[in-house]
Every structure is written in structure tokens, then in C-alpha cells.
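Have the model open and follow along.

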Amino acid sequence: MSIGYACLTIGVLNTNLKSCVIKNVNEEKLLDLISNNLNSLENIIDYNVKNNIQLFRISSDLIPFGSSPANNIPWWNIFSEKFEQIGMKIQESGMRVSMHPGQYTVLNSPSLDVVHRAMEDLKYHTKVLDSLRVGTEHKIVLHIGGIYNDKKQAIDRFINNYNDLEESVKQRLVIENDDKSYNIKDVLEIGIKLNIPVIFDNLHNYINSSKEEKNQIDWINECKKTWRPKDGNQKIHYSEQNILKKTGSHSNSIKSNQFINFYECLGRNDIDIMLEVKDKNLSAVKCINCTSTYKDIKALELEWSKYKYKVLESSPNDYVEIRNLLKDKNNYPVMEFYKLIENAMDEEITIGNAINAALHIWGCFKKIASDKEKMSFMKIIDEYKNGNAAISKIKNSLWKMAVKYEEQYLLNSYYFML
């Protein structure tokens, strides 16, 4: 079993993707953007390998305007060595990657122009994966599309247009249930008819469920039948509802207890789980640690080094409890550890706690900072205390000093990211 995340990273340096508005597109700009984005992708892959993350969704934004006539440069040739280098790292690590075109890639639209653009977009995604030289177990995930007042006709259009796709696209395409139009039963029927692997999405199924009485484990097992050996392990999407936002919004973080309950109900380990969550790689590492059979407290200590100042800012009581929890080096209290972190993240930050955490971090600099830096920082603290500055101003000041004095421990801290 592999557990992974989608597209972007939290708290990992030099992994940002860049783009531009279409009016500024030219060959020089595109070459610069693509070079940056491929370097960022390689840094993400390196991070994933280091953290034993073996499932990752590559952003569709990797190549700006990749399926648009605005980008007519042969990027797959120009950057072939870079693609091959990244692809080698993916293959050697055993990582599985995927892509997921956005909401405007609609294969069953009544508009021929929309369908044409969808086909071009699927060819672009296929070209990215082909350029990495990864096998057909590395997939492109697609929703069925809209209903357009006639679901049967819409399904027939999807089937007809799918049959017109290039074979290289068909080899990678998998389909997924959505939260509005096509429930898991609908998608399974299409998948079985076209011999396409089907991805089960738990939150979409909760929102848009079939009238047929089956629980989510039954549906997952039904979907498994659509996955052939050449497709790799069955893949599913897992997410949790953000209770403060509209239905279907992903949570900020995966709750460890909720995930473990789901994981244990699966009763199988021949399945890959893509997490769809706002804190991306942070939840992936959490879920990997929670399910790991290699129970080494060093993994939790590493996590604590990144979370500690954010926890201190949010909840000093949880900070103390976690420190005490990690004193026993022969134990692996993973569920208790993450539960305390989750508790802290749910707390409302007070001015006193925020200043306390900031001063703890300031302790790393007070002996090496210049007199000017000391005066400036204390002035910002007073401004914040009196309601004349935001906490972000304090964090920006500390971040600049962490960069200047090359305090790697702080540069890796989630205090600046969450």
C-alpha cells in the first residue's frame, strides 16, 4: 500500500510552480517557466523519496499552457534529459505518479470545440507521463463530465468520444465518481463497458451516493475488479469534509483517528490511497507514520522538530504533553502524538501564546542578531501586543533572520507555513 498527496507541498523549499498570463507568453518566458517547474518537480520527488512517500499527483500546471496553441514549443524534446532524470528517480524509488485534468476537460460535452480541447488536454497529460518514461500504471484521472439534461445521451457521448482517443491516452485513463452528476454505480457501469479502471472517491460517494445499498468498502471491492495487472494496484481517493465550508470542501488536515478507522476497514494492503487535503504532504507523512510497521520514535521526533513551534503558538498545554510523550524512546505513541497536534491546531491562538512562541524562536538569534535587528524585532512585538501589527509581521521578521543566519532547523519549521 502507498499513501500520497496531490500536486503541491507545504514547507518544502524550492518546490513552487510558476505560470503567467497568456498575453505575456513568448518562447523565452515559457522556457524559463518550464525549467523552473521541472526543477521544482524534481525537488518534490526528492522530498517524497526522502520521506517514503510513494504516491504523488503531478500538477497539470507543470507545463504552462501545455495543451494550448499558445505553447507551441517542443518542450518534451527540449527538456528530454530533465524528464528522463526525474523519471529515473520515480522508477528507482518505486514511486507511482498520476495526473488529474481540471474541471474544464470535459469529454462528454455537447460542444465539439470543448471535446476537442479535452482530447488535446488528455494528449498533453499523456505526453508528460510518456516523457518521464513511466509505465501504464501511472494514470490520468478523469471525471465523466456533465449531464446536460439527458444523462443517457451524456454517457453515450463519453463512450463515443473515449473510443476516438489515441491508444496511448486510453492506456493511462481511469475514471472517478464525482460529487454532483455521476455516482460510483454510474462510473462502474461505464468503466466495465469500456474496460477502464475506476477510482472510488469516499467523499464524493458520501455526497452523491448510489441508491443501491452498499457500504463504501463494498464499492471499493467492486472497483477493484476493473483494475488489471498492467494498471498497477487499485487506487482510491480519500478526503474528509471541512465542516466550516460548503459540502465537498476538503479538510485542512486528515484526522488520524478517522483515517485509521477507514484504513482498518479496508482489510487489504494491495491498494493505493491518494489523500485530497489542504495540508498535502503533511497529512501524507502523518498517515504513513500512523500505518507504518516500522515503529521508530525517531520518525515522530523528526515530525516534532517541524511542528513544535506551531504547537507552542497554538496550545502550550499540548506542547508540554507532547514533550513528555516523546521521553520514552522505546515507545511509538503515534496516535497520541498526532491527536495532540490536531488538538493544538484546532485551538484559537491568543496574543500571549503567539508572543511566547515568537520569543522562543527569537532565542535562536538574540546572541547573533545585530543591535538594529534586536530593536526592530522588539518594536514589532510591541506593535503586535498593542494591536498595531499582525502576527504575520512577526513571522516575516523571524523568517528573514532564519534565512540570513541559515538556521535550517527553523527553515523547516511549520511555524511559518501553517
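S283 sits in helix α11, which covers residues 281-291. Is this serine buried or exposed? Its relative accessibility is 0%, so S283 counts as buried; the cut-off for that is under 20%. Keep in mind that this is a predicted model.

So what does the side chain of S283 do in there? For one thing, it makes a polar contact with the side chain of D279, at 2.6 Å. A polar atom of the S283 side chain also lies 2.9 Å from the backbone nitrogen of I254. If you skip the neighbours within four places in sequence, the residues in contact with S283 are S253, I254, L275 and V277.

L275 is a handy bridge to the next stop. Along with F158 and L398, L275 has the most contacts inside the largest nonpolar core, a set of 117 residues. Helix α1 (residues 27-50) supplies the largest share of this core, with eight residues.

Last, have a look at a helix pair. Helix α12 (residues 297-314) and helix α13 (residues 316-325) pack with their axes 6 Å apart, at an angle of about 145 degrees. On the α12 side you'll find W304, K308, V311, L312 and S314, and these meet P316, D318, Y319, I322 and R323 of α13.

Terms used
Residues numbered from 1 in each chain as written. Predicted model: local features only at pLDDT ≥ 70, side-chain atom pairs only at ≥ 80, totals over all residues. Heavy atoms only, no water. Core = buried A, V, L, I, M, F, W, Y, C linked by side-chain atoms within 4.5 Å. Buried < 20%, exposed > 50% of the residue type's maximum accessible area, 1.4 Å probe, protein only. Helix = DSSP H or I, 4+ residues; strand = E, 2+ residues; numbered from the N terminus. Axes fitted to C-alpha atoms, helices over the stretch in contact; angles between N-to-C directions. Contact = heavy atoms within 4.5 Å. Polar contact = N/O pair within 3.5 Å; in protein donor to acceptor, adjacent residues only side chain to side chain.
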